Every structure is written in structure tokens, then in C-alpha cells.
Amino acid sequence: MENTSKNSLDLDQVTIEPLDPKVGRAAFCCGNTRIDNFFRNNAKDQHIKHRVRVYTAIFEGQPIGYYYLVAKSDEPKKVSEEAIEKFGRVNSTPCIYLGMLGVCLQHQGCGLGYLLMLHAMRQTLAVADMIGLYALTLEAIDEPTAQRYERWSFKRFESGGLHMYIALSTIKSLFQTENNA
Amino acid sequence: MLANREDEMWSLTPHAERDYGTEVERSFFEAIENPAAPSQELTDLYNRYGKYLKK
């Protein structure tokens, strides 16, 4: 994995922590309006109410990246229209959904997005220690991103679709290398 | 084996013997029950950036 950044960021100085409602969010800009607006306008309220859990990357007291996790049962109709009848037997496939991963423009290309993704995977494992689940899921923002996620062991629910998942056991295997080291 | 509140017998049926209705369903559970090892690229990612995950 190449770090092609023109910017520099000492990731050792970055902490990833649950959203502090007091931290300023108005200046956050990752370049994607939807991701920016969620963080600026909705993240605090949703986090406080535990509807999602927002994790922020903090550098020098400022949020420079974030993502959120939410428990999600994928309904058949959201996976595939064709799957409704049969998938109905498995009315819920408990998963963790990763939403809105964003890194501010100034620090893009420094590896922070990778770090946030690994953090999300680790949090998913922590949840799985308490509550059974199948996978970490997400919606890739576009096709190139989906292809990148495929290279990271994510699979598509449907060929050509952007709704993806990575099996919990795959994540577990990844982090076991740490525990076995 | 999968936990399934709606259909216990289906859950207890081994993956290979289940009657999957769609390719989406089959491939999802196949991936869950026979998970692939992390790809080399994901492993490289972890080896490079995992050290920055604070305990």
C-alpha cells in the first residue's frame, strides 16, 4: 500500500475515539457533500442518541476524519429483489454497517482512511465478542472504491453492486496475526 | 452453524445441504461459513497501519 500523499501526518499523533459532542465539526471538509453534511449536522445528535456510533480521528484537538458504525439487519429486499422469498427464512442477517468514512482534504493520502477502516474492523470484532453477527457491511461510494474494497477481501452482495460485506471470520483472521505475534 | 430465529432446522442443516433460493443467498452464506483468508493487500494494509491502532 503506497502512501502517495503530498501532505504529511504523523499517525502516531492521531487518536481515534468516540465522538466528543463538544468537538468542533463545522470546519470539517472531506470534499463529499453528503459525508461532510452528516458530520456537521447529524453526527452529534445521532451519536448522543446511540442511533449510530461515530468515531473521530483527532489530531491536534481537531477532527480530521470519521466513520460511524450501526447494527444493521439486512432485509432481503435490500440485498436482492429476487432474494425476498427465500431470504425470508433468514429474516435478519445481523451485521455491522460501516457508514460515511471520510478524511478531511488536508490529510487525505496520509493513510488515515486505511487506519479508520482497520479501526472499524477492530470495533466490529469487539462487538462480535458480545453479540453474534455475520459480517461488516458497507456501501462503496463508487465503482473504483468498490474494486479497492474487493482487494481488501470485501465481497459484493450482487455482481456489479456497491453493497458489500466482509465476513467476520476474515476480519478475525486478520487481527489474529496481531495476537499471535 | 448459523443462528436463525425463524427456522431452526434450516440453521442446523449443514451449509452444503441447504436449499438456497438465490445466488446472493448462497454466496453470502458460503462466504460467511467458509471465509476467505485476508487478502495480501489487506494484510499489507494491516501490517503497515495496524500499529497505529491505539489499545
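Predicted model: local features only at pLDDT ≥ 70, side-chain atom pairs only at ≥ 80, totals over all residues.
Residues are numbered from 1 along each chain as its sequence is written, chains are lettered from A in the order in which they are written, and side-chain values use heavy atoms, with hydrogens and water left out.

Within this pairing, A:Leu138 stands opposite A:Met164 in β7(A). Strands are DSSP runs of E with at least two residues, and helices are runs of H or I with at least four; two strands pair if DSSP finds at least two bridges between them. Seven strands of chain A form an open sheet of mixed pairing, in the order β1-β2-β3-β4-β5-β7-β6, and its edge strands, each pairing on one side only, are given below.

| Edge strand | Residues |
|---|---|
| β1 (chain A) | 15–18 |
| β6 (chain A) | 155–156 |

The largest pocket has a volume of about 880 Å³, and among the 34 residues that line this pocket, the closest to its centre are A:Leu101, A:Ile141, A:Thr145, A:Arg148 and A:Tyr149. A pocket is an open set of points on a 1 Å grid over the protein atoms alone, where a 1.4 Å probe fits, with protein on both sides within 12 Å along at least five of seven lines, and lining residues have an atom within 4 Å of a point. The largest share of this lining, seven residues, comes from β4(A).

Chain B, by its secondary structure, has three helices and zero strands.

Methods: Points joined across faces, edges and corners; volume = space filled by probe spheres on them.
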